[in-house]
Each structure stands twice: as C-alpha cells, then as structure tokens.
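Here are some notes to read alongside the sequence and the structure. Please keep the model open and find each residue as it comes up.

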Amino acid sequence: MDAFLNDFWRFDGTYWTWISGSSTVGSSGKYGSKGVPDLSNDPPARIGAISWVDSTNNLYLFGGGKYLNGYYSNYYNDLWKFDGKYWTWIA
C-alpha cells in the first residue's frame, strides 16, 4: 500500500517540529477560496511536487501527483503559498 501524507515539518538543526498537514493517508486537503489565506486550508497529499522559498521566507508548493496502487492517478497543477501560519491556494 502506498501511504502518502501532506504533513509539513520544520527542522532547526536539532529538533523536528510539525507545522501543518493531516495524519490521514492520502488526504484530499482543503482548497478553500482561491487567494484567501485560512487556517483550515491544506494542500492535498502528493508525490513529486516542487517547492521553493522566496526572499521573504514564503514557501511555495507546485504540482506533483496522486500516487495510487503503484501508478500516478492524478496530476496536480495547483500552486500553494505558506507564509508560516496560513496556506493560500494561489492558482
């Protein structure tokens, strides 16, 4: 069984700290309203996404796929922003 999560952790050089995400395998996340930051927003579980951090330490997450029974079953074409507190579905 493939077990993908959408958990997000921070490592400070000594300790790992959970930041956001679900402990539910294959979570479908919560998109909320496009462009609106919200504590309940949560990107879906995925594999193969790309991420980067901008000059103001916002994390961006793009794409990836849903992996089910050994195959990609869905490809994401979504962009998310995490500002340290809120996820925002950008596009």
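1. Asn58, in a model that is predicted rather than determined by experiment, is in contact with Trp52, Val53, Lys81, Phe82 and Asp83 once its neighbours within four places in sequence are left aside. The residue is found in the loop between E3 and E4, and a polar contact of 2.9 Å joins its side chain to that of Thr56. Is Asn58 buried or exposed? With a relative accessible area of 11%, which falls under the 20% limit for the term, Asn58 is buried.

2. Phe82, one of the contacts of Asn58, also belongs to the largest nonpolar core, whose six residues are Leu59, Leu61, Trp80, Phe82, Trp87 and Trp89. Three strands, E4 (59-62), E7 (79-82) and E8 (87-89), each supply at least two residues of this core. As background, nonpolar side chains tend to be buried together in soluble globular proteins.

3. How many aromatic pairs does the structure hold? There are eight, and in one of them the rings of Phe82 and Trp87 have their centres 4.8 Å apart and their planes at 40 degrees, so this pair is described as tilted. Both of these residues are buried. Ring pairs also link Phe8, Tyr31, Trp80, Phe82, Trp87 and Trp89 into a cluster.

4. Charged groups meet rings as well: the charged end of Lys34 sits over the ring of Trp89, 5.1 Å from its centre. In a second case, the charged end of Arg46 sits over the ring of Tyr76, with 4.4 Å to the centre of that ring.

5. Arg46 has a further partner, for a search of the whole structure finds one salt bridge, and in it the side chains of Arg46 and Asp78 meet at 2.7 Å, N to O. Arg46 lies in the loop between strand E2 (16-20) and strand E3 (50-53), while Asp78 lies in the loop between strand E6 (71-75) and E7, so the pair ties together parts that are 32 residues apart in sequence.

Key
Residues are numbered from 1 along each chain as its sequence is written. This is a predicted model: local features need pLDDT of at least 70, side-chain atom pairs count only at pLDDT 80 or more; totals for chains, interfaces and linings use all residues. Side-chain values use heavy atoms; hydrogens and water are left out. A nonpolar core is a set of buried Ala, Val, Leu, Ile, Met, Phe, Trp, Tyr and Cys residues joined through side-chain atoms within 4.5 Å. Buried means under 20% relative accessible area, exposed over 50%, partly exposed in between (1.4 Å probe, protein chains only). Helices (H or I, at least four residues) and strands (E, at least two) are DSSP runs, numbered from the N terminus. Rings of Phe, Tyr and Trp (its six-membered ring) pair if their centres lie within 6.5 Å; planes under 30 degrees apart count as stacked, over 60 as edge-to-face and the rest as tilted. A charge sits over a ring if NZ of Lys or CZ of Arg is within 6 Å of the ring centre and within 35 degrees of the ring normal. A salt bridge is a side-chain nitrogen of Lys or Arg within 4 Å of a carboxyl oxygen of Asp or Glu. A polar contact is a pair of N or O atoms within 3.5 Å; within protein, one must be able to donate a hydrogen and the other to accept it, and residues adjacent in sequence count only if both atoms are side-chain atoms. Contact means heavy atoms within 4.5 Å.
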